[in-house]
Amino acid sequence: MDNIKNMSALGRVYDNLDKIIENYSDLDETKDAEKRFWEYAQKYIFERQGSLKKFDLENAFYEVTFFREKQGFIYGFNY
């Protein structure tokens, strides 16, 4: 991160997006991906209703991170 100029200013923007962007909230696709992840986790990790599949868990987790990253990109250009 040494090559990014004014990292502290970027940090302040990031930490306050909900105040800077009018009507800021998670996008529907982000909410849906997170919901699917927690449903999977609830069933296969917390309640142990079957065998946990590493591949499926990774897919659910990475789907959430993908949509969160995409959302950040979209809101970044909105600002």
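I worked from a predicted model, in which local features need pLDDT of at least 70 and side-chain atom pairs count only at pLDDT 80 or more, while totals for chains, interfaces and linings use all residues. Residues are numbered from 1 along each chain as its sequence is written, and side-chain values use heavy atoms, with hydrogens and water left out.

**Salt bridges**

I looked up salt bridges (a side-chain nitrogen of Lys or Arg within 4 Å of a carboxyl oxygen of Asp or Glu) and found six. Glu34 pairs with Arg68, the closest N and O atoms being 2.6 Å apart. This pair links distant parts of the chain, with Glu34 in helix α3 and Arg68 in helix α4, 34 residues apart. I take helices as DSSP runs (H or I, at least four residues), numbered from the N terminus.

I then noted a salt bridge between Glu63 and Arg36 at 2.7 Å, N to O. Glu63 lies in helix α4 and Arg36 in helix α3, so the pair ties together parts 27 residues apart in sequence.

Within helix α4, Lys54 and Glu58 are four residues apart, which means about one helical turn separates them. Their closest N and O atoms are 3.9 Å apart.

**Largest pocket**

I recorded a volume of about 460 Å³ for the largest pocket. Of its 14 lining residues, the closest to the centre are Tyr14, Leu17, Gly72, Phe73 and Gly76. Helix α4 supplies the largest share of the lining, seven residues.

Definitions and conventions:
On a 1 Å grid over the protein atoms alone, a cavity is a set of points where a 1.4 Å probe fits but cannot get out, and a pocket is an open set with protein on both sides within 12 Å along at least five of seven lines; lining residues have an atom within 4 Å of a point. Grid points are joined across faces, edges and corners, and a volume is the space filled by probe spheres set on the points. Helices (H or I, at least four residues) and strands (E, at least two) are DSSP runs, numbered from the N terminus.
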